[in-house]
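Subject: Structure for you to look at

Hi,

Here is the structure I promised. Please open it alongside this email; my notes follow below.

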Amino acid sequence: MYKNFLRYIISVLFLLGVSGQANADFKVGFVYVGPTGDHGWTYQHDEGRKAVEAAGIKTTYVESVPEGADAERVIRQLAQSGHDLIFTTSFGYMDPTNKVAKDFPNVKFEHATGYKREHSNVSTYSARFYEGRTLLGHMAGKMTKTNVIGYIASFPIPEVIRGINAMTLAAQKVNPDIKTKIVWVFTWYDPGKESEAAQALIDQGADVIMQHTDSTAPVQVAEKAGVWSFGQASDMQRFAPKSILTSIIDDWAPYYVERSIAARDGTWKQQDTWHGLKEGMVAMAPYNSAMGSDLVKEVEQLQKDLASGKAHSFTGPIYDQKGNILVAEGSVADDGMLAGMNVYVKGVEGDIPQ
Amino acid sequence: MSFDLNFIGILIGAIMASSVPLILAASGELITERSGVLNLGVEGMMIIGAISGFALMVITDNLFFAVLGSMISGLIISIIFGVLTQSLLTNHVATGLALTIFGIGMSAMIGKNFVGIPGKEFPLLFVNLKENIPFLGPIIFGHSVILYFAFLLPFLTNYFLRKTKIGLIIRAVGDSPTSASNQGINVTLVRYSCILYGGAMCGLAGAYLSLIYTPQWIENMTGGRGWIALALVVFATWSPIKVLIGALIFGGITILQLHMQAVGLRIPVQLLSALPYIMTIIVLVVISRDSRKIKLNTPTSLGQIFYKEK
């Protein structure tokens with residue numbers, strides 16, 4: 001009997017301790033899908049977290065959290081242990097985030113790359129990576145000699161298809177003869193499979209390789225084979241110094257700092273953010289001088305135009321593979337169309353796997 | 001898209017490279033199983049070999065030490081399995097599964113500081129011959145020394161099991177540990193040695209992945225290859241030469257499906273990744289219908305605990 005009583009006392013004390021802590025200082029939690037040292041997706045989110053820390057706000061993180069039942073447990077635990085704002089940084093955390101948000105109305109949640117905001121304390125945010133893909137396409141179209149561009153794709157979701165289309169459209173603009181060959185690996189992160197895919201594309205005649213997967217394996221294969229490549233999510237230049245023309249960098253730091261401060265000061269409001277080159281959420285690593293100063297200048301100009309809105313990645317006329325018009329001449333694709341993109345544009349080989 | 005002879009040569013070369021970890025791990029496991037021990041910890045020993053090899057490469061900057069170290073660490077991990085199953089007489093299946101889970105967790109912990117470090121170039125042999133001889137060049141030349149060793153290993157294993165005295169002892173222990181023991185053979189010692197050998201080979205298979213195939217360390221980078229190696233031993237009906245053939249088939253499936261995609265052919269990727277296991281089940285069904293063939297190579301005491309009464 002007294003044992004149960006003791007347990008009760010202890011748990012009450014524990015809860016008091018936890019809630020007392022929550023009132024005392026403001027804390028931000030992060031949930032990562034990979035290890036912080038992946039030098040890709042998670043690495044960049046962690047850089048953002050460090051910026052929040054540098055702004056004088058306490059943070060904690062949990063890395064390598066599988067998308068699924070574990071995610072909900074981890075998010076719930078962060079919410080319970082006195083975190084006031086929680087960033088969940090992978091698409092697969094969408095439902096768990098909303099589920100936990102329902103039970104913790106006083107905690108703010110921010111979910112990356114998702115679209116569900118079922119409760120008023122859930123915001124979503126993502127970056128317009130496709131703007132970076134447009135620049136990659138421009139370079140790829142100019143640099144290829146075989147006119148075959150190899151693309152390692154992860155999962156057939158709108159974000160990945162959008163990247164393939166943006167790249168192909170930009171490459172076609174500078175080189176109408178190019179073909180985009182795609183290999184789906186059905187993983188975000190499997191260096192063995194990614195490097196086999198890169199090698200297969202190179203063997204099939206691709207002399208420019210790009211990836212929508214997170215490991216550095218493809219650029220290393222490209223370096224060895226002497227073909228061009230592009231880094232993903234963070235600057236991968238040191239893994240393939242000769243081969244990499246540039247990397248698309250995800251810069252979450254300003255957003256994380258802004259939102260953390262807003263939450264601390266009580267000005268946080270639910271919103272849906274989709275930032276790109278203009279706001280700096282998508283940034284480009286230094287351009288490789290091997291592509292020649294003229295091309296570097298061209299790309300830098302294009303980058304400025306995309307940022308200022310003078311150019312748009314999806315400017316009509318755009319046709320799908322069968323030749324049906326998707327975007328009329330003179331207009332650009334709206335965000336709704338971009339968010340749900342599920343067809344290839346003309347010039348991409350093959351079909352989207354189901 | 002060209003299907004000229006040289007391209008086919010390159011394709012075969014790529015298939016060979018992808019089958020190396022399977023050959024190494026399966027050949028090691030084959031010896032272990034022929035002595036009557038079922039070690040399901042292949043995946044765990046491989047991943048430990050992968051991280052140890054990579055970590056030693058970073059620390060010592062010496063590829064020889066890295067390869068040697070990966071084998072030793074695979075061996076050390078397998079000692080745990082040996083002590084548990086041979087000395088403490090625990091269940092083989094449960095212990096092997098535990099070893100895999102332990103290996104994956106342990107390697108992730110050791111590997112924390114080695115993520116994101118670029119690997120070192122592993123020397124490839126006869127690279128100029130590879131480029132100058134069409135078709136045969138990319139098949140025979142331009143590989144790492146470990147690949148040549150892996151392709152020799154099944155033949156050596158075959159000879160060892162069939163023609164040497166130690167090979168005969170291992171088979172005797174695997175088929176009937178009681179009779180072997182009555183003949184004065186130290187069953188526990190033989191089984192220990194076979195477990196350690198299997199561990200070392202799995203470690204080497206892991207090092208091939210982290211040092212040569214994708215020179216870097218990534219959590220869980222073996223990606224289920226250990227399980228395929230285990231299936232491969234059964235698929236090969238415990239014959240070393242068939243391990244080689246099976247590894248080429250299993251490796252070929254992965255490489256070909258990527259090439260088929262690049263060409264634009266539609267194939268369900270999920271089905272292809274399940275194919276090695278489906279084929280193993282088919283082989284199991286086929287061999288169980290022909291009892292003469294099973295008896296030929298299957299160690300009859302596989303997975304059974306041997307206890308010598310004193």
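Two residues are in contact if their C-beta atoms, placed from the backbone, lie within 7 Å. Keep that cut-off in mind for the packing below. Note too that this is a predicted model.

Start with helix H8 of chain B, residues 165-175. Its buried residues are B:Ile170, B:Val173 and B:Gly174. Seen down the axis of H8(B), they fall within an arc of 100°, so they line one face of the helix. An α-helix has 3.6 residues a turn, so residues three or four places apart point the same way. What do the buried residues of H8(B) pack against? Four helices of chain B: H1, H7 (145-163), H9 (177-182) and H10.

Next, the core. The largest nonpolar core has 172 residues. Those with the most contacts inside it are A:Val183, B:Ile23, B:Leu24, B:Ala25, B:Ala26, B:Tyr208 and B:Leu232. H10(B) gives the largest share of this core, 17 residues. From chain A, domain 1 (12-127) and domain 2 (129-249 + 284-339) each supply at least three residues.

Take B:Ala26 from that list. Beyond its neighbours within four places in sequence, B:Ala26 is in contact with B:Ala229, B:Leu232, B:Val233, B:Val243 and B:Ala247.

Last, the interface. Here 28 residues of chain B are in contact with 30 residues of chain A. On the chain B side, H1 (5-34), H10 (187-213) and H12 (240-263) each supply at least two residues. H12(B) has the largest share, 7 residues. By class, that side has 17 nonpolar, 9 polar and 2 charged residues.

Best wishes

Methods. Residues numbered from 1 in each chain as written. Chains lettered and ligands numbered in written order. Predicted model: local features only at pLDDT ≥ 70, side-chain atom pairs only at ≥ 80, totals over all residues. Nonpolar A, V, L, I, M, F, W, Y, C, P; charged D, E, K, R; others polar. Core = buried A, V, L, I, M, F, W, Y, C linked by C-beta atoms within 7 Å. Buried ≥ 20, exposed ≤ 12 C-beta atoms within 10 Å, placed from the backbone. Domains from an automatic or database assignment. Arc of directions from axis to C-beta.
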